[in-house]
Amino acid sequence: MNITPLSKTLLLTLLLAAGPALAAAPDIACRSNGSWDNACLRRLYQGAPGSWPKPQVDAGVAWQEMAPVPAVAPAASPRQAARVALGRALFFDPRLSAKGQVSCASCHQPEKSFTDGKPLAVGEDQLMGRRRTPPLFAAPFAAKLFWDGRVDSLEAQVLGPIANPVEMNHPIAAAVARVNGLEEHRSLIQAAFAAPALDQAQLAWALADFVRSLRPPATAFDRFLAGRRDALSDKELQGLHLFRTQARCMNCHNGPLLTDHGFHHIGLSYYGRRNQDLGRFEVTREKADLGAFRTPSLRGVAQAGPWMHNGVFPDLKGLLRMYGNAMGNPTAKAVAAGDPYAPPLSPLIRKLELNEADVEALAAFLQTL
């Protein structure tokens, strides 16, 4: 269909006036024969996020609009501020591990969105875990933590890596005793807990309060959200629009942190193969959780590779191409054959009509986060 500039403007006006029923299909107005009308696209996104085209999400998906990440609340008391400072000091202190080789920050590096750039986490004595180091930006807001959601509080989460034999390999009681013996932390312990020494619960409290203080740095996308409509290039804006519409990303990646904090099987369980990992099912033993892993935040995603719980994708564009192919749906035959433990692919994962230019635009948008 040949759409003139005048008819494009009229159609855009009608789409915006029609509300949610038509707002999910603005490609009609802004893309023709594979070419974008960038002026048209910018008009769609000239207002606040609530006025943007509604995302293409499936019925029943409880999504949230894109928004700025909530700021850190000011410390409620000097003791809380001291807890955060103590937690920060301990987070970067390798003496929290048994041999003093690794700190929390060895795996959660700030410049890598609090990951480590490795396909699988590597702990003390170079022992390797089963999964990649997860980014931490969503941790202050998540009800379930770790890739499989096996704990429901930051206080429980922060102690796990300390005691894990392939991570910091330090029994908690021994770690607490070592911290209490470190002269440079005593003033912070006193300020945080009004005592010369801390216990296990207080160690967890301090580390958890530091993690609660973590926020992603401000980015081009944040400037765009704040009203700087020139903060995104034409290609990046195309990627934002694709993210919300044709690529269906907002079924799982929505809200301020661009995560639903949920668990989904997207086809990477390696069921029946050497590297099988059934994710949340290994915690709950509920078949609905077969192969499901926590949706990570996409804040800082470009710095957080390699991607997925097993670090299998070293390249963002390759990852996007695989999403476009529904991850190959590797368990489809086993599911069809009636294998009761074959993880069915999440219904949110579908083949997408994305061309290489679309992949380039999506990758460009992800770089802005």
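In these legends, Ala, Val, Leu, Ile, Met, Phe, Trp, Tyr, Cys and Pro count as nonpolar, Asp, Glu, Lys and Arg as charged, and the others, Gly among them, as polar. The model shown is predicted.

**View 1. Lining of the largest cavity.** The largest cavity has a volume of about 640 Å³. Its lining is made of 38 residues. They divide into 25 nonpolar, nine polar and four charged. Nearest the centre of the cavity lie His253, Ile266, Met308, Leu319 and Tyr323. Strand 4 (293-294), helix 14 and helix 16 each supply at least two residues of the lining. Helix 14 gives the most, with four residues.

**View 2. The second largest cavity.** A search of the whole structure finds three cavities of 30 Å³ or more. One part of its lining is Pro134, Pro135, Leu136, Phe137 and Ala138, joined by Trp147. Arg294, Thr295, Pro296 and Ser297 also line this cavity. By class, the lining residues are seven nonpolar, two polar and one charged.

**View 3. The largest nonpolar core.** This core holds 45 residues. Met66, Leu240, Phe243 and Leu366 touch the most other members. Several helices each supply at least two residues: helix 4 (38-44), helix 11 (220-225), helix 12 (234-244), helix 14 (316-324) and helix 16 (356-366). Helix 16 gives the most to this core, with six residues.

**View 4. Leu366 and its contacts.** Leu366 touches Phe243, Leu298, Val301, Ala302, Leu316 and Leu320, not counting residues up to four places away in sequence.

**View 5. The buried residues of helix 7.** Leu154, Gln157, Val158, Leu159, Pro161 and Ile162 are buried in this helix. What covers these buried residues includes helix 8 (172-180) and helix 10 (200-212).

View 6. Leu154 lies in helix 7 (residues 154-163). Leu154 counts as buried because its relative accessibility is 5%, and buried means under 20%. Not counting residues up to four places away in sequence, Leu154 touches Ala139, Pro140, Leu145, Ala208, Val211 and Arg212. Leu154 and Ala208 are 54 residues apart in sequence. In space, the two are 5.3 Å apart, C-alpha to C-alpha.

Notes
Residues numbered from 1 in each chain as written. Predicted model: local features only at pLDDT ≥ 70, side-chain atom pairs only at ≥ 80, totals over all residues. Heavy atoms only, no water. Buried < 20%, exposed > 50% of the residue type's maximum accessible area, 1.4 Å probe, protein only. Contact = heavy atoms within 4.5 Å. Core = buried A, V, L, I, M, F, W, Y, C linked by side-chain atoms within 4.5 Å. 1 Å grid on protein atoms, 1.4 Å probe; cavity = no way out; pocket = protein on both sides within 12 Å on 5 of 7 lines; lining within 4 Å. Points joined across faces, edges and corners; volume = space filled by probe spheres on them.
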